[in-house]
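Please open the model in a viewer and keep the sequence at hand.

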Amino acid sequence: MKQSWIKLGLIFDFNDYGSSFKYSTLPSGFWLSEHIIRIIFCTRNERNQSIPYFIDYDFSIKKILELPKSIKIELGELGTFDDSGIMPSCILQNNGEVWMYYIGWNLGTTVPFRNSIGLAVSSDNGLSFVKKFEGPILDRSRNEPHFVASNCVLFDENIYKMWYLSCTKWDIINGEITHYYHIKYATSIDGIDWNRNNEIAIDFKYQNEYAISVPRVIKENNLYRMWYSYRGGPKSELYRIGYAESQDGRIWNRKDEVLDLDVSETGWDSKMICYPFVFEHKNNKYMLYNGNGYGKTGIGLAILQK
């Protein structure tokens, strides 16, 4: 059965605000009220460092309220895992707090960068965040020696479950350093200390596929559903959005072919679509996503056709 998404257009572009910032990458969010969703995303400052911002989108008037605002959180001290950037990845409302799992950036020498996953907590609805720790809660390990990055966390069956990007290798192709990564699975009692057994959730499927990222998981009627980005598939070397299902959250069936959502003929999402965030509002499913340039052209919205 086809999963047809209808594009509702571009809802946010920094260029509309006369800003020097050009990125609005990895949108996710949580509800402030019945109609207003706080969308948290990443942009880049004048030093090309990833920093978090937010906008409030009102579904009742289909409009962004006020100006985009920066989130108060400091980059890490020199030499720590997030001294070169903080990129929000997953937002979890947890016991009256807002937990933000984020990608910490370090610049590299032999390879361009190294990522880890950090955790910060907000008690003011995401206006500011305090880091739980100065170090990451998930990092490379003896079984995952390269890096870990974008993730999704659910509290389900009395435990926390995480699906996260895991880099399998770096390679040099046609003189360019290229990363390969797919999606793995981990569990936790407290959302901080994670048990991981090198379990692959979404693996490479296509001959030239090399990057699967930004998993977004929801659970409906005991069925786990995941949307994600993938590169090097049958359609393009650039990102497309994929889909998978699972009965237990661990063993997944990729069903990219059922998802009817592709690039537009022209415009802001004509070359790639990526970084989906799926949520519900008034019995409808919506998706925030990025287009060309990994978020350079703004944030779009789509609705699932019933």
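Is Asp156 buried or exposed? With a relative accessible area of 10%, Asp156 is buried, where buried means under 20% relative accessible area, exposed over 50%, and partly exposed in between (1.4 Å probe, protein chains only). This is a predicted model, in which local features need pLDDT of at least 70, side-chain atom pairs count only at pLDDT 80 or more, and totals for chains, interfaces and linings use all residues. Residues are numbered from 1 along each chain as its sequence is written, and side-chain values use heavy atoms, with hydrogens and water left out.

**Stop 1: salt bridges**

Next, select Arg254 and Glu209. The closest N and O atoms of this salt bridge are 3.0 Å apart. Arg254 belongs to strand 17 (residues 252–254) and Glu209 to the loop between strand 13 and strand 14, so that the pair links distant parts of the chain, 45 residues apart. Strands (E, at least two residues) are DSSP runs, numbered from the N terminus. Both Arg254 and Glu209 are buried. Then select Asp156, Glu157, Lys161 and Lys219 together: salt bridges that share partners join them into one network.

Move on to Glu144 and Arg196, whose side chains form a salt bridge (2.7 Å, N to O). Glu144 lies in the loop between strand 9 (130–131) and strand 10, whereas Arg196 lies in strand 13 (residues 194–202), 52 residues apart. Glu144 is buried at 3% relative accessibility, while Arg196 is partly exposed at 22%. By the rule given above, the count comes to 21 salt bridges.

**Stop 2: the largest pocket**

What do they surround? On a 1 Å grid over the protein atoms alone, a pocket is an open set of points where a 1.4 Å probe fits, with protein on both sides within 12 Å along at least five of seven lines; lining residues have an atom within 4 Å of a point. Strand 12 gives the most to this lining, with 6 residues. The lining divides into 22 nonpolar, 14 polar and 6 charged residues; Ala, Val, Leu, Ile, Met, Phe, Trp, Tyr, Cys and Pro count as nonpolar, Asp, Glu, Lys and Arg as charged, and the others, Gly among them, as polar.

**Stop 3: the second largest pocket**

Select Gly29, Ile91, Leu154, Phe277 and Val278, which lie nearest the centre of the second largest pocket, lined by 19 residues. About 440 Å³ of space lies there. Its lining comprises 15 nonpolar, 2 polar and 2 charged residues.

**Stop 4**

Finally, display the 5 strands of the open sheet, in the order 18-1-21-20-19 with mixed pairing; two strands pair if DSSP finds at least two bridges between them. Strand 18 (259–260) and strand 19 (274–281) each have a single partner strand, so one side of each is left without a neighbour in the sheet. Strand 20 (residues 284–290) pairs with strand 21 (residues 299–304) in the antiparallel sense over 5 bridges. Select Met287 to find its bridge partner in strand 21, Ala302.

Methods
Helices (H or I, at least four residues) and strands (E, at least two) are DSSP runs, numbered from the N terminus. Grid points are joined across faces, edges and corners, and a volume is the space filled by probe spheres set on the points. A salt bridge is a side-chain nitrogen of Lys or Arg within 4 Å of a carboxyl oxygen of Asp or Glu.
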